[in-house]
Amino acid sequence: MTYQEMHDEKAEVIQKAANLEATPRVPVLSMAQTWAVAYAGEETEELLDAGPEKEFEAYAKHLHDFYFDGVILFGMNRPIRAYEALGWSPFFISGDKISIQAYDYSSLPEDEIQEYIADPFAFIRDKMLPRRFPNLRKPFPQNMEALGAFAEKLMAFVGKNGQAPGYLHDNVGVPLVAADLVEPAFDRYIGYRGWKDGMIDLRAREDEVLEALEATYPVVAPAPGPRTPFPWAFFPITSVTYLNRKNFEKFFWPTFKHSADAIIDAGGKVLIAMEGNWAHVYDMLLDFPKGSIVAFVENDDFIQTKKDIGSKVSLVGGLDTLLLRNGTIDENIDAVKKVLDGCGNEVIMLCTGKALLSPGDVNPDNMRAVNEFIRDYTF
Amino acid sequence: MEEQKNTMEQEPDMEQLFEMLKAQMPGSDMEKEILVHVMLYILSM
C-alpha cells in the first residue's frame with residue numbers, strides 16, 4: 001500500500017469513529033508534540049531554524065516507527081522566532097531543551113477592562129502590544145522594521161504549517177486530524193488578566209467579566225467560511241477543570257457554544273481537549289448535534305465517559321500516559337484490553353490522555369506494543 | 001520607509017504602523033485585513 005493509500009484508509013476509519021459508527025479496528029492517534037523532537041534525537045532550539053523538511057522529518061520519525069492511524073498536531077505550533085523579532089516571546093523552551101512553555105502574566109490591568117471592552121482590537125494594538133514587545137517601543141523606523149519582520153516570519157510559519165497535511169499524506173501515510181486551533185473566549189480573557197486575577201474576577205466583577213467575554217469573542221472567533229467534516233477544528237481547553245458547574249454555565253459556555261456552533265453550522269466537526277476533569281460538566285456537550293463533537297478525555301474515566309456521552313459524542317483518549325511511562329508491557333496491554341472490552345469498536349479512538357511534551361513522557365517499547373495490540377485487536 | 005518618516009510630523013502610533021505594514025504587503029484588502037487580525041490574535045496570546 002502506498003503512503004497515500006494508507007493515509008486515506010486511516011482517515012476513513014477515523015471518520016467512521018467520529019461519526020459514531022463501528023470501525024474495523026479502533027483507531028490509535030498520536031498526541032506527541034515536542035516529545036517527538038526528543039525521540040528523533042533533535043533539540044527544539046535547533047529545529048526552529050532547520051526549515052520545514054527537517055522539522056517534519058523529526059516529527060514524523062515516531063509515526064514511521066510506531067503504528068498510528070492519525071496525528072492530532074504535527075510540527076512546531078508556536079511561532080517563537082516571529083515573536084523574537086519583536087524582542088520578546090510569550091513562549092520559551094524549557095530547561096530540558098525540548099518542551100515549550102508559556103509565561104503567565106497580566107496584560108490587561110483591572111482599571112483598563114472597560115477600555116478593552118469598548119474596543120478590544122484597538123486596546124490590543126495600541127496598549128497591549130507595545131507593553132509586551134520592547135521592539136515596538138523603539139523609535140520609528142525601528143519599530144516598523146520589527147513589525148515587518150514579525151509579519152514576514154509569521155507568514156513563513158503559517159506557510160510551513162500549511163504544508164504539513166500534504167507532507168503527511170505523501171511521505172508518512174498518517175492523516176492530520178486537527179485542521180486549525182481555536183481558543184475559547186474564556187481562556188483568552190483569563191490569559192489577558194493573568195490566571196490568578198482572572199479567576200478572582202469571576203467573583204469580584206461578574207458583570208464586567210461577562211461583558212469582556214462578549215468583547216473577546218470576535219478576537220478568537222473561528223475563521224469564517226465553509227468547512228469539511230474532517231479534519232476537525234481543535235479547541236485545547238485548560239480552564240474548565242478549575243470551574244464549578246455554575247461558573248462553567250455562566251462564564252465559559254455561552255461564548256464557547258457560539259464558537260462551536262459556528263464551526264458545526266459551517267459543516268465542520270469540533271475536537272475538544274477536555275484537559276483535567278470534565279465529568280461535572282461534560283453532559284452539556286449533548287446539546288450539540290449527534291456526531292458533531294469529538295471529545296479528548298484526559299483524566300476522566302474513559303469507559304464511564306463513553307457510557308455517559310458516547311451516544312452523541314465520539315471520544316479520544318483511554319491510554320494511561322503514566323503507565324506507558326513506568327509500567328511493563330504486560331501491565332499496559334492489560335490496561336488497554338480493559339478499555340477495548342469496555343468500550344467496543346465504535347465511537348472511540350485511543351490516544352495518550354496527555355500530550356507528550358518531554359523526553360521521558362512514555363517508554364517507546366510500551367508505546368510500540370500497545371499500538372500494535374490495538375491495531376490487531378479483534379472484537 | 002525614509003520617505004514615510006519624512007512625511008510624519010511626529011512618531012507614528014501603532015495604528016499607523018499597522019496601516020504602513022498593510023500598504024507594504026501584497027494581496028487584496030481583505031487578505032491584508034485577515035493578516036492583521038491574525039497578527040493581533042497571535043501577538044496577544
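In the predicted model, K32(B) is placed in helix α3 of chain B, residues 29-43; helices are DSSP runs of H or I with at least four residues, numbered from the N terminus. K32(B) is buried but forms no salt bridge, and D29(B), the nearest side chain of opposite charge, is 4.8 Å away. Here, buried denotes under 20% relative accessible area (1.4 Å probe, protein chains only), and a salt bridge requires a side-chain nitrogen of Lys or Arg within 4 Å of a carboxyl oxygen of Asp or Glu. For charge, Lys and Arg count as positive and Asp and Glu as negative, with His and the chain ends not counted. The side chain of K32(B) instead reaches the backbone oxygen of K22(B) at 2.9 Å. Beyond four places in sequence, K32(B) is in contact (heavy atoms within 4.5 Å) with K22(B), A23(B), M25(B), P26(B) and G27(B).

K22(B) is itself one of the buried residues of helix α2 of chain B (residues 14-24), together with M14(B), L17(B), F18(B), M20(B) and L21(B). The N-terminal end of α2(B) is capped by D13(B), a side-chain oxygen of which lies 3.2 Å from the backbone nitrogen of E15(B). L21(B) has a relative accessible area of 3%. Apart from residues up to four places away in sequence, L21(B) touches M39(B) and, in chain A, M144(A), L147(A), G148(A) and A151(A). The C-alpha atoms of L21(B) and M39(B) are 11 Å apart, with a separation of 18 residues in sequence.

The contact between the chains draws on 36 residues of chain A and 22 residues of chain B. About 2,600 Å² is buried between them, 74% of it on carbon and sulfur atoms; this area is the accessible area (1.4 Å probe) lost on putting the two parts together, summed over both. R125(A), F140(A) and M144(A) supply 27% of the area that chain A buries against chain B, more than any other three residues. The count of salt bridges between the chains is 1, and R125(A) and E15(B) meet in a salt bridge through their side chains (3.7 Å, N to O). On the side of chain A that touches chain B, α8(A) gives the most, with 9 residues.

Residues are numbered from 1 along each chain as its sequence is written, and chains are lettered from A and ligands numbered from 1 in the order in which they are written. Because the model is predicted, local features need pLDDT of at least 70 and side-chain atom pairs count only at pLDDT 80 or more, whereas totals for chains, interfaces and linings use all residues; side-chain values use heavy atoms, with hydrogens and water left out.

Note on methods. Helices (H or I, at least four residues) and strands (E, at least two) are DSSP runs, numbered from the N terminus. Buried means under 20% relative accessible area, exposed over 50%, partly exposed in between (1.4 Å probe, protein chains only). A polar contact is a pair of N or O atoms within 3.5 Å; within protein, one must be able to donate a hydrogen and the other to accept it, and residues adjacent in sequence count only if both atoms are side-chain atoms.
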